[in-house]
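Hello,

Please find the structure below. My notes on what was found in it come after.

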Amino acid sequence: MKYLCLVYLSPEEWNSAPDEACMACGNELRASGHFITGTPLHPTHTATTVRVRNGQLSVTDGPFAETKEQLAGFYLIDARDLNEAIHLASKIPPAQFGSIEVRPTRELVVSAQP
Amino acid sequence: MPAPEIARVRAEIDKLYRRESRRIFATLIRLLGDFERAEEALHDAFRAAMEKWPAEGLPQNPVAWLVSAGRFKSIDKQRREKRFDHLEDRPDVSESLSDSGPAPDDLPELLEDDRLRLVFTCCHPALAPDAQVALTLREVCGLATEEIAAAFLTPAPTIAQRIVRAKAKIRDANIPYQVPAREELPERLESVLRVVYLVFNEGYSASSGESATRADLSGEAIRLARLIAELAPGPEVQALLALMLLHESRRETRATPDGELILLDEQDRSRWNRALIDEGAALVRSVLSSQHVGAYAVQAAIAAVHAEAPSAADTDWNEIVGLYDLLMRVTPSPIVALNRAVAVTMRDGPEAGLVQLDALLADGALDGYQLAHAARADFCRRLGRNAEARDAYQRAIKLTAQGPARRFLERRLAALPA
């Protein structure tokens, strides 16, 4: 069975857990054979919401899903830039009924080991 | 170099800064891949010109010189900051701009493309609408944060925050610095034109405050539309430019010297700007003859009928009602319907207009819109239904935040017979 572990943080705590610790956690999970993939995200103000209604694409700033909308799945995609990411997100079938939040990932910043 | 010659070079640099700095900035963003670095490089480049040109004379192509000086100084600075960075690995797109000698022939074209890239990036739909406006005025038009804040009556730190966040999003979410592909262009252009028109309207009829108009914002919007019309010509942008020129032609007559509002039918038409009207009307004719019927084109056509009429009474109101019918088909909205009702009043009298307006008000969508109540007040006043007119004026006054518009309504209310 696979489980998705979603990480939630208030903006004040956004950088509280050091990247080194997160990297170590990933390495431990990898060593024990539990790790599939994981990545930190840029803050919510870098998010873009994509919806398709009656074949019309709508693109808006921010993570503003309707409050009654619940997280239903995820795709981790590799795109050239935000324009391509929006285009690909608009093809995800639930975009026609709900919304797809497109959020850039970032790299963990860990100082080089000696 | 003799002193007068030095003064001439300095004046030339000043002129270059005013005319070309936003273009150079746009190109530096592409070359350096970052807004902040480009801004810094722009200032470094002009500083270098101030140091060198008075002694060495003007280079053959000053713009190319400034672009390559800015780029060189920025890359040099980055090298010094992170000695072991992988800058060398980055594809260098700037090879076409040589550090010395004459510029390549396609430089002017490259510079113009960069300005358009900058417009589309600043108006990207993934940025919040108010951030699009602030960013466009800051980066494309070169307005200072304080000027934007004053124009929108918003505290400067709020505007600064919007700009910082928008730039962070461009960087972190990797919003590309490019003119959209042909298939995306219509949709993306729509969002650019929306920003331009919003800037114009804020300048033309400020939504609040003591001044009815802010000429500088409207001027920026017209400059932007001219730029887009030149770089990406098409009927939509021509129609929007026409619409703004036709409105702008009346600016001087829309208020008394002390800022009080003057309505269309009482304006001194001899003072309307004929040059702007001629340019706007010619654009409308060219757009309509291309069979393009968009929202801006129809609104521009309406503005052209007004602009070319000798007086309010001699306006072809039948034509105007017909154009509003067309506009209702292109972009139906309660506000378009309200304007149509006003035109019907001018054509058929206030009774006919009031029937339509009351049907609209019954729908509820215009309840919070001051102009709907102001129109009802005016129709009732003309019909001698003074009690109803009084109620409507009071509702309109309550909803009006802009000083001159509110005082206009108060004067009309006070003039009603008891």
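This is a predicted model: local features need pLDDT of at least 70, side-chain atom pairs count only at pLDDT 80 or more; totals for chains, interfaces and linings use all residues.

Residues are numbered from 1 along each chain as its sequence is written, and chains are lettered from A and ligands numbered from 1 in the order in which they are written.

Chain contact. On chain A, 11 residues are in contact with 12 residues of chain B (contact: C-beta atoms, placed from the backbone, within 7 Å). Strand E2 (56-61) and helix H2 (82-89) of chain A each supply at least two residues of the side that touches chain B; helices (H or I, at least four residues) and strands (E, at least two) are DSSP runs, numbered from the N terminus. That side of chain A has 6 polar, 3 nonpolar and 2 charged residues. Here Ala, Val, Leu, Ile, Met, Phe, Trp, Tyr, Cys and Pro count as nonpolar, Asp, Glu, Lys and Arg as charged, and the others, Gly among them, as polar.

Helix pair in chain B. Helix H2 (residues 35-56) and helix H3 (residues 62-81) of chain B pack at an angle of about 115°, their axes 8 Å apart. Axes are lines fitted to C-alpha atoms, for helices over the stretch in contact, and angles run from 0 to 180 degrees between N-to-C directions. Residues making the contact include B:Phe46 and B:Ala49 of H2(B) and B:Leu66 and B:Lys73 of H3(B). By class, the contact has 8 nonpolar, 2 polar and 5 charged residues.

Sheet in chain A. An open antiparallel sheet of 3 strands has the order E2-E1-E3 (strands pair if DSSP finds at least two bridges between them). E2 and strand E3 (100-102) of chain A are at the edges with a single partner strand each, so one side of each has no neighbour in the sheet. The twist averages 25° from one strand to the next. Strand E1 (residues 48-53) of chain A pairs with E3(A) over 3 bridges, and A:Thr48 has A:Val102 as its bridge partner in E3(A).

Most residues other than glycine have a negative phi. A:Asn54, which is not a glycine, has a positive phi of about 50° and is in the loop between E1 and E2 of chain A. A:Asn54 counts as exposed because it has 5 C-beta neighbours inside 10 Å (exposed: 12 or fewer other C-beta atoms within 10 Å, with C-beta atoms placed from the backbone). For B:Gln291, phi is near 70°.

Regards

Definitions and conventions
Two residues are in contact if their C-beta atoms, placed from the backbone, lie within 7 Å. A residue is buried if 20 or more other C-beta atoms lie within 10 Å of its own, exposed if 12 or fewer, and partly exposed in between; C-beta atoms are placed from the backbone.
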